[in-house]
Amino acid sequence: MTVSVNLPPGYRLKAFDTLDSTNEEAKRQALAGADPGLVVWAKSQSAGRGRRGRTWVSPAGGLYFSLLLKPDCPPARAAQLSFVSALAVAEGVAPDLPRDRGIAFKWPNDLLVNGRKISGILLESGGGSARVAWLVVGIGINVDSHPEGTEYPATSLFGEGAKGVRHGELLGRVVAAFHGWLGIWEREGFEPVREAWLGAARGLGEPISVRLPDRTLDGIFRGLAAEGALILDVLGEGERIIPAGDVYFPAEE
Ligand code: BTN
């Protein structure tokens with residue numbers, strides 16, 4: 001497929017009409033020795049995947065792409081890139097939304113508009129336990145429509161008032177914003193990323209529930225720990241560091 005998308009220097013595009021999953025294709029490319037900076041974009045996916053083994057329903061009309069990176073750092077540090085990605089998606093979609101847009105982050109890496117999920121991010125990596133050999137950042141944005149009946153309520157850019165979104169331009173904006181935030185992260189570390197993310201995080205300082213595979217924890221959302229884990233002040237137990245889980249806000253349970 002021939003398309004032209006404005007990408008920052010060092011990034012190159014492989015575009016497809018359809019793929020099983022852009023993350024899977026980026027992984028195949030990584031294992032075949034592709035250089036970092038590859039952007040894999042598909043107009044639809046037949047086996048799009050989400051976090052925690054879920055399916056990411058991917059009909060034409062959404063934006064599905066993956067970035068291949070080789071950050072040469074320990075896996076725990078690479079995990080911080082999910083927050084870099086969330087900031088990039090927020091910056092990328094903002095110009096398409098009406099002025100009074102209610103953009104917020106939901107831990108760990110969802111983007112909400114007016115309380116509903118508009119985008120999800122899935123990081124997958126390979127290599128040893130000491131260093132990451134390759135990292136794929138997969139981003140899905142609901143553009144023209146959103147799935148019904150999802151565990152967490154969803155929305156789309158169209159549903160939030162965006163008109164005539166150009167997928168290629170949106171992709172270019174998100175990658176450019178990603179490149180900008182990646183530079184900040186490389187030069188200054190996680191702190192500025194953490195601050196920016198917390199600045200628009202939903203539920204900070206408020207009661208939330210975190211669903212873990214075997215139970216649900218209720219507490220006050222206190223912030224992000226070093227690698228991006230959630231700090232939850234659990235009533236009667238004190239602060240707990242939660243590396244993975246699904247966050248819900250009180251009115252939504
Ligand atoms: C989630 O919120 O569960 C994460 C969803 C990530 C979906 C994107 S779409 C592009 C890339 N390819 C995939 O198969 N998944 C990610």
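A polar contact is a pair of N or O atoms within 3.5 Å. Keep that cut-off in mind as you start at the ligand. The model you have open is a predicted one.

**Stop 1: the ligand**

Select the ligand and the residues around it. There are 20 of them, and Ser21, Gln45, Arg49, Arg51 and Lys117 come nearest.

Click Gln45. An N or O atom in the Gln45 side chain is 3.0 Å from a nitrogen atom of the ligand.

Now pick Ser21. One of the polar atoms in its side chain lies 2.8 Å from a ligand oxygen atom.

Go on to Lys117. Here an N or O atom of the side chain is 2.6 Å from an oxygen atom of the ligand.

**Stop 2: Arg51**

Stay with one of the nearest residues, Arg51. Where does Arg51 sit? Look in the loop between β2 (38-45) and β3 (63-69).

Is Arg51 buried or exposed? Its relative accessibility is 17%, so Arg51 counts as buried; the cut-off for buried is under 20%.

Show what surrounds Arg51. Beyond its neighbours within four places in sequence, Arg51 is in contact with Pro108, Asn109, Ile121, Leu122, Gly245 and Asp246. Zoom in on Asp246. Its side chain makes a polar contact with the side chain of Arg51, at 3.3 Å.

**Stop 3**

Asp246 leads you on to a strand, β12 (246-248). Colour the open sheet of five strands. Reading across, the order is β11-β10-β9-β8-β12, and the pairing is antiparallel. Strands β11 (238-242) and β12 stand at the edges with a single partner strand each, so one side of each has no neighbour in the sheet. Turn the view to see the twist, which averages 45 degrees from one strand to the next.

Strands of a sheet pair through backbone hydrogen bonds. Select β10 (residues 230-234) and β11 to look at one pair. How many bridges join β10 to β11? Five do, and the two strands run antiparallel. For one example, find Ile231, whose bridge partner in β11 is Ile241.

**Stop 4: helix α3**

Finish with residues 81-93, helix α3. Draw a line between its end C-alpha atoms. They are 18 Å apart, which agrees with the 18 Å that 13 residues should span at 1.5 Å a residue.

Why is α3 described as largely enclosed by the rest of the structure? Because 12 of its 13 residues are buried. Among them are Leu81, Phe83, Leu87, Gly92 and Val93.

Key:
Residues numbered from 1 in each chain as written. Predicted model: local features only at pLDDT ≥ 70, side-chain atom pairs only at ≥ 80, totals over all residues. Heavy atoms only, no water. Helix = DSSP H or I, 4+ residues; strand = E, 2+ residues; numbered from the N terminus. Buried < 20%, exposed > 50% of the residue type's maximum accessible area, 1.4 Å probe, protein only. Polar contact = N/O pair within 3.5 Å; in protein donor to acceptor, adjacent residues only side chain to side chain. Contact = heavy atoms within 4.5 Å. Expected span 1.5 Å × (residues − 1). Pairing = 2+ DSSP bridges. Axes fitted to C-alpha atoms, helices over the stretch in contact; angles between N-to-C directions. Near = heavy atom within 4 Å.
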